[in-house]
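Here's a quick briefing to read alongside the structure. Have the view open and follow along by topic.

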Amino acid sequence: LSVEEYNASYFNFLLRAPYFVGAENPLEDWLPSKNWGLVLKLCELEGFENFGTNMERDAPTRFKEWFNELTPEDVKLPLDWKRLDSLPFQKLMVLRCLRP
């Protein structure tokens with residue numbers, strides 16, 4: 001495991017779980033709107049700018065499969081997001097969005 005540096009923005013996101021209210025959810029057939037609102041806020045953080053686009057356009061089926069895993073924390077995320085396995089705090093932020 002690598003050591004992640006403390007990032008106040010990441011820590012605040014994890015604690016507060018801010019989300020957009022009323023945003024159109026393009027994945028509403030499987031992802032609750034509150035979770036999509038969390039994803040949109042996550043995309044405001046450095047390093048996560050493309051996360052929502054990747055979910056919506058690049059690999060929606062793979063993200064749905066990950067979302068439906070019994071223990072998604074033990075499964076690699078789709079696309080380049082699999083790198084978060086070596087950055088557990090950042091993966092925890094994704095888990096906070098998708099499986100709160």
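A contact here means heavy atoms within 4.5 Å. On that basis, residues 24 or more positions apart make up 55% of the contacts in the protein chain that have a separation of 6 or more. Keep in mind that this is a predicted model.

**Overall fold**
- For 100 residues, a compact globule would have a radius of gyration near 13 Å, and the protein chain agrees, with 13 Å.
- The C-alpha trace spans about 35 × 25 × 20 Å along its principal axes.

**Surface and burial**
- Of the protein chain's 100 residues, 38% count as buried.
- The accessible surface is about 6,100 Å², and carbon and sulfur atoms account for 50% of that.

**Charges and salt bridges**
- The protein chain carries 12 positive and 16 negative side chains, with the centres of the two sets 3 Å apart.
- Side chains of opposite charge can pair when their charged atoms come close.
- Searching the whole structure turns up 3 salt bridges.
- One of them links Lys41 and Glu44, with the closest N and O atoms 3.6 Å apart; Lys41 is partly exposed, at 23% relative accessibility.
- Asp85 pairs with Lys76 at 3.2 Å, N to O, and also with Lys91, where the closest N and O atoms are 2.7 Å apart.
- Asp85 counts as partly exposed because its relative accessibility is 28%, whereas Lys91 is buried, with a relative accessible area of 6%.
- Shared partners tie Lys76, Asp85 and Lys91 into one salt-bridge network.

Conventions
Residues are numbered from 1 along each chain as its sequence is written. This is a predicted model: local features need pLDDT of at least 70, side-chain atom pairs count only at pLDDT 80 or more; totals for chains, interfaces and linings use all residues. Side-chain values use heavy atoms; hydrogens and water are left out. A salt bridge is a side-chain nitrogen of Lys or Arg within 4 Å of a carboxyl oxygen of Asp or Glu. Buried means under 20% relative accessible area, exposed over 50%, partly exposed in between (1.4 Å probe, protein chains only). The radius of gyration is taken over C-alpha atoms; the globule rule is 2.2 Å times the number of residues to the power 0.38. Accessible areas come from the Shrake-Rupley method with a 1.4 Å probe; for residues, only the protein chains shown count as cover. Lys and Arg count as positive and Asp and Glu as negative; His and the chain ends are not counted. The place of a charge is taken as NZ of Lys, CZ of Arg, CG of Asp or CD of Glu.
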